[in-house]
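Please look over the model shown here.

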Amino acid sequence: MLKVDQPKDLVAFRHEAMATDFYAYLFGHEETYLKQAVYEAFQIVDEIESKLSLYQEGSDVSRVNFAKPGESVVVSSEFIECLQQAAEACEVTLGKFDLFQGRAALKAKGQILSHVRSEPTTKPLELHKLKVDPVNRRIEKTCASALLDFGGIGKGYALDCMKAFLEEWDVKQGILSASGSTLLFLDALEAEQSWKASIGPDRICLSPNQALSSSGLGFQEEHIIDPSTQKSATRWKRSYSIAPNAALADALSTGALLASKDELQEISDSENAIGIAVETD
């Protein structure tokens, strides 16, 4: 698992959202000021969840999922931005990360949602199956079986939004975390040029404004769906990724679990992915 060396004077804050715990480990200001800033940042996480959650009936995602082919749905700017980042992640991971595996993932988890239509997925779907008008924030669904699920990128995206908000408050030093599996590094102590972390027995250094993410089989085993087969087909016990932002790192670690050795090498060679690693046992 991930373990990061943290300065002793970090102030820790915790918030429950997106079915997990978000943490902010911050320094550089008085604790009262940090508390006020991070409270507002956590409110942003709640707003993002209300728009991107598959499990909230009134979310943008649920409204798009429930729409019929040809229907147009007005969505939030957060939805558009996360969708665009998901498209990038899909390309970087050679299609291994795919937003449209929600129906198969729900089945693998044994979950049934009353606000999700029951049409089966008949074939792998790509991002172009939606007509996207980013200027007017309109989404038109073109396939009845398309079921969007931002689960593999949403938490990372929320961390990126937290970081952007905190910077407006001049809070620029610390670490942001979602469930301890996706970490976004802000500035370190002035005396340090990088953050130091452990991945199992290995030690690595991460620069400020990099993100580190890990995915694997654990509480919800075999729920990551291979778009080419529509089945659970993880190749590795655990994956790790380093990327320029938390959304991409989150998606990369998910997609890496489905990739072959050759595909992992190609993904790692991408200019958008800084590094990929996997565990076999």
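This is a predicted model: local features need pLDDT of at least 70, side-chain atom pairs count only at pLDDT 80 or more; totals for chains, interfaces and linings use all residues.

Residues are numbered from 1 along each chain as its sequence is written, and side-chain values use heavy atoms, with hydrogens and water left out.

**Confidence.** pLDDT is the predictor's confidence in each residue, from 0 to 100. Its mean for the protein is 82, and 79% of the residues reach 70 or more. Over residues 102–126 pLDDT stays under 50. For that stretch the model has 61 contacts beyond four places in sequence. Contact means heavy atoms within 4.5 Å.

**Sheets.** Helices (H or I, at least four residues) and strands (E, at least two) are DSSP runs, numbered from the N terminus. Two strands pair if DSSP finds at least two bridges between them.

| Strand order | Number of strands |
|---|---|
| β2-β3-β7-β8-β11-β14-β15 | Seven strands |
| β4-β6-β5 | Three strands |

In the seven-strand sheet, β2 (11–17) and β15 (275–279) stand at the edges with a single partner strand each, so one side of each has no neighbour in the sheet. The twist there averages 15° from one strand to the next. Six bridges join β3 (residues 20–27) to β7 (residues 173–178), and these two strands run antiparallel. F27 stands opposite Q173 in β7.

In the three-strand sheet, the edge strands are β4 (72–74) and β5 (130–133), each paired on one side only. The twist averages 20° from one strand to the next. Three bridges join β4 to β6 (residues 138–141), antiparallel again. V73 has I139 in β6 as its bridge partner.

**Helix pair.** How do α5 and α6 cross? The axes of α5 (residues 154–168) and α6 (residues 246–256) come within 7 Å and cross at roughly 165°. Axes are lines fitted to C-alpha atoms, for helices over the stretch in contact, and angles run from 0 to 180 degrees between N-to-C directions. The two helices are therefore roughly antiparallel (over 145 degrees). G154, K155, G156, Y157, L159 and D160 in α5 meet A246, A247 and D250 in α6.

**I204.** I204 lies in strand β10 (residues 202–206). Beyond four places in sequence, I204 touches W195, K196, A197, I199, L212 and I242. I204 and S194 are 10 residues apart in sequence and 9.8 Å apart in space, C-alpha to C-alpha.

Notes
Angles under 35 degrees count as roughly parallel, over 145 as roughly antiparallel, 65 to 115 as roughly perpendicular and the rest as oblique.
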